[in-house]
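Welcome! Have a look at the structure below, and then we can walk through it together, one question at a time.

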Amino acid sequence: MSFSLSFSSLSTPLLKPTFLSPTPLLSLPSRSLSIKSSIDKDPDSKFSSTNNTTNSKSWVSPDWLTSLTRSLTIGKGDDSGIPIASAKLDDVSDLLGGALFLPLFKWMNEYGPIYRLAAGPRNFVVVSDPAIAKHVLRNYGKYAKGLVAEVSEFLFGSGFAIAEGPLWTARRRAVVPSLHKKYLSLIVDRVFCKCAERLVEKLKTNALNGTAVNMEENFSQLTLDVIGLSIFNYNFDSLNANSPVIEAVYTALKEAEARSTDLLPYWKVKALCKIIPRQIKAENAVTIIRETVEELIAKCKEIVEAEGERIDDEEYINDADPSILRFLLASREEVSSVQLRDDLLSMLVAGHETTASVLTWTMYLLSKDSSSLMKAQEEVDQILQGRPPSYEDVKDLKFLTRCILESMRLYPHPPVLIRRAQVPDLLPGNYKYTIFIILQRFIPFSGGPRKCVGDQFAMLESIVSLAIFLQNFNFELVPDQIIGMTTGATIHTTNGLYMKLSSREREAAVTSSSPSR
Ligand code: HEM
C-alpha cells in the first residue's frame, strides 16, 4: 500500500474540494493537446487470450500487450508524446479483479500526470493533471460517460446516473429539486441522527464486553438504512437484521468494475449471461435490488393516488413521509415506472456504498492520529454540548469536516472517473491520441454537469454520523490486522476494519471541554 496516511495537511488551510492534486505532480508542458474521438476509432483487437475464468479475473493482459500497442500506435504515426505505461503481469492482476486504481496510481508516480495504458483492445489515457481533469469534466457533451455506462447498464438500466443526452437532462432536472434545504434539514434530524443513534445503541454491547467490531460492515449497514429511509421512507433495518441488499449492491458494483477490464465483453451476449456463474450471480443481485425498489415504488404510488397529493411549493415536504420518492410522485412528472425505478436505484446505489466508505476510511485515519482524533472529539463536545447535531450545527463542526475531506482526498470514492471523448478536442497541454480518459484526483463529488447530486446530503450524513459516534465512543484499531484495499465502485478494505470501542461518559466529556470556541 503506497498511500501516505497522514493528517498533516489538516494543519494547513482547509483543502478546497476542487481539482487539487493528491500528491505533488510533475508539471505539464504548456502546449495545447488535441484529442481524438473514441467513436472515430474501431479498437484493433487481435488478441487471443484464453485465460477465461468465472471469477472477476477473467482475461489477463500481460506486458506483451504493451509492446503490441506500442508497435500499433507507432505504426499509425502516433506523435502524442504520451508515455505508455508498461503493464506487467503483476500489476495487471490488480487491474483485473483487484483494486483497479492501485496500478493506475503506481504508474502515475512513474510516468507523470498523463500516460497511456493498453487494457486489452481498449486504449486508455490516464490523466491526473488538474487542468485537464477540469477541462474534461466541464465539457460534458464532448465527453460522455462511455465505458461506465456500458459496464453498469445491467444495474442502472436507464437511470440518470448513466443516462446521456436529453434523457439525462430531463431526469436530473426532475430529481434535483427533491434535495432542497428543508428536506435536508428535516432528514438530518429524523434520519441521520436517528440512524446514528441506533448504531451507537447496537455497539454499546461491544464497548461493554470489549469485543472487536468490524466498522466497515457497520457503516455499510448504517448508510443503507439512511438511504432507504431518505429515498423511500423505508427502513431496511440492516443494522439489526441481515439485508441481502448490501451484498447485492456490492456484487453488482464489483461486476461493473470487472466488466470495465474484461478484454472480451462476452457479457454483451445475453445467452452467455445465463450460463456463466459470475453473470448469474450478477443478474441475481440486480433482481434483488430491482424487486426491492419496485415494491417500494408501488406502495408509495398507492398512497399518493389515494390522497390525491400534489406538490404545492418549491420546498414541498410531506411531513409523514418526507422521502424523495414521495416528492417525485407528488410532483406528477410524466415518467414511466421503469425510469423512476432506475433513477431511484441510481440514487440508492450511488448514495450507499460511497458514504459508508468515507466513514470507514475517516475512522481508520483518525485511529492512526490520536491528536486529530482528540481535536475532533473536543470540537464535537464543545459545539454540541452532548446533544445530537442539528442542520445548523454542522457548519460549526469545521475540523470534523476537514477530517472527512482529507479522508476523501487520500481515499477518493470512486477512485477513478471515466469519460470517453465523443469528438476531437483540444486539451490544455499538447498530446494527441485518446480513446478513453480516466481521471484520478482530489475532486470529491466530481465536477461539471455530471457532478454528484447527493454531495450536500453525503457531507451532512458523514458529519452527523461521525459526530454522534465521537460523542459516544473512544476507539482504537485492533492491532496487527492488515488493512488492504480493494474496490467495488469505492475503495473497500480487503478484510474489514476492526476496532475496539469504549464508551465515553458524555456528561464528563461535555463538562471537561472548554466553552470557548
Ligand atoms: C460521500 C459520498 C459520496 C461520494 C464520494 C459521491 C461521489 C460521486 C461522484 C464522484 C460522482 C460523479 C461520477 C462521475 O463524474 O463520473 C457522483 C455522481 C452521483 N451521485 Fe454521488 N457521491 C456520494 C454520495 C451520494 C449520495 C448520498 C447520493 C444520493 C442521495 C448520490 C447520488 C449520485 C448520483 C445520482 C450521481 C449521478 C449524477 C449524474 O450523473 O447526473 N451520491 N457521486
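Q: In S12, which residue does Leu477 stand opposite?
A: This is a predicted model, and S9 and S12 pair in it in the antiparallel sense, over 5 bridges. Strand S9 covers residues 473-477. Looking across from Leu477 into S12, the residue opposite is Met499.

Q: What is the bridge partner of Val213 in S12?
A: Strand S5 takes in residues 213-214, and S12 takes in residues 498-503. The two run antiparallel and are joined by 2 bridges. Asn214 stands opposite Tyr498, and the bridge partner of Val213 is Met499.

Q: In what order do the 3 strands of the open sheet come?
A: S5 and S9 stand at the edges, each with a single partner strand, so one side of each is left without a neighbour in the sheet. S12 is joined to S5 by 2 bridges and pairs with S9 over 5 bridges. The pairing is antiparallel, and the order is S5-S12-S9.

Q: How many helices and how many strands does the protein have?
A: Let's step back to the whole chain for a moment. Of the 517 residues in the protein, 47% are buried. Among contacts with a separation of 6 or more, 79% are between residues 24 or more positions apart. As for the elements themselves, there are 18 helices and 12 strands.

Q: What is the pLDDT over residues 1-65?
A: For the protein as a whole, the mean pLDDT is 80, and 75% of the residues reach 70 or more. Residues 1-65 do have 141 contacts in the model beyond near neighbours in sequence. Where pLDDT is low, predicted coordinates should not be read in detail. Over residues 1-65, the pLDDT is below 50.

Q: Which element gives the most to the shell around the ligand?
A: The ligand is surrounded by 21 residues, and the closest are Gly351, Thr354, Ser446, Cys452 and Gly454. Two or more residues of this shell come from helix H13 (337-367) and also from helix H17 (455-472). The element that gives the most, with 7 residues, is H13.

Q: How many residues of the shell around the ligand are nonpolar?
A: The shell can also be sorted by class. It has 7 polar and 2 charged residues. The number of nonpolar residues in the shell is 12.

Q: Is Gln339 buried or exposed?
A: Gln339 lies in helix H13 and touches Ser158 and Arg171, leaving aside residues up to four places away in sequence. Leu167 is 172 residues away from Gln339 in sequence, yet their C-alpha atoms are 9.9 Å apart in space. Because Gln339 has 20 C-beta neighbours inside 10 Å, it counts as buried.

Q: How many of the 18 residues of H17 are buried?
A: From its first C-alpha to its last, H17 reaches 26 Å, close to the 26 Å expected at 1.5 Å a residue. The helix is mostly covered. The number of buried residues in H17 is 15.

Q: How far apart in space are Ile463 and Val394, C-alpha to C-alpha?
A: Ile463 is found in helix H17, and it counts as buried because it has 22 C-beta neighbours inside 10 Å. Not counting residues up to four places away in sequence, Ile463 touches Val394, Leu397, Leu400, Thr401 and Ile404. Ile463 and Val394 are 69 residues apart in sequence, while their C-alpha distance is 7.0 Å.

Q: Where is Asn233, and is it buried or exposed?
A: Asn233 has phi near 60°, a positive value in a residue other than glycine. Its place is in the loop between helix H8 (215-232) and helix H9 (244-261). With 21 other C-beta atoms within 10 Å, Asn233 is buried.

Q: What is phi of Asp237 near?
A: Asp237 also has its place in the loop between H8 and H9. Because 15 other C-beta atoms lie within 10 Å, Asp237 is partly exposed. Its phi is positive, in a residue other than glycine, and near 50°.

Q: What is omega near for the peptide bond from His413 to Pro414?
A: Pro414 is in the loop between helix H16 (398-410) and strand S6 (417-421). The peptide bond from His413 to Pro414 is cis, and its omega is near -5°.

Key:
Residues are numbered from 1 along each chain as its sequence is written. This is a predicted model: local features need pLDDT of at least 70, side-chain atom pairs count only at pLDDT 80 or more; totals for chains, interfaces and linings use all residues. A residue is near a molecule or strand if its C-beta atom, placed from the backbone, lies within 6 Å of it. Helices (H or I, at least four residues) and strands (E, at least two) are DSSP runs, numbered from the N terminus. Ala, Val, Leu, Ile, Met, Phe, Trp, Tyr, Cys and Pro count as nonpolar, Asp, Glu, Lys and Arg as charged, and the others, Gly among them, as polar. The expected span of a helix is 1.5 Å times one less than its number of residues. A residue is buried if 20 or more other C-beta atoms lie within 10 Å of its own, exposed if 12 or fewer, and partly exposed in between; C-beta atoms are placed from the backbone. Two strands pair if DSSP finds at least two bridges between them. pLDDT is the predictor's confidence in each residue, from 0 to 100. Two residues are in contact if their C-beta atoms, placed from the backbone, lie within 7 Å.
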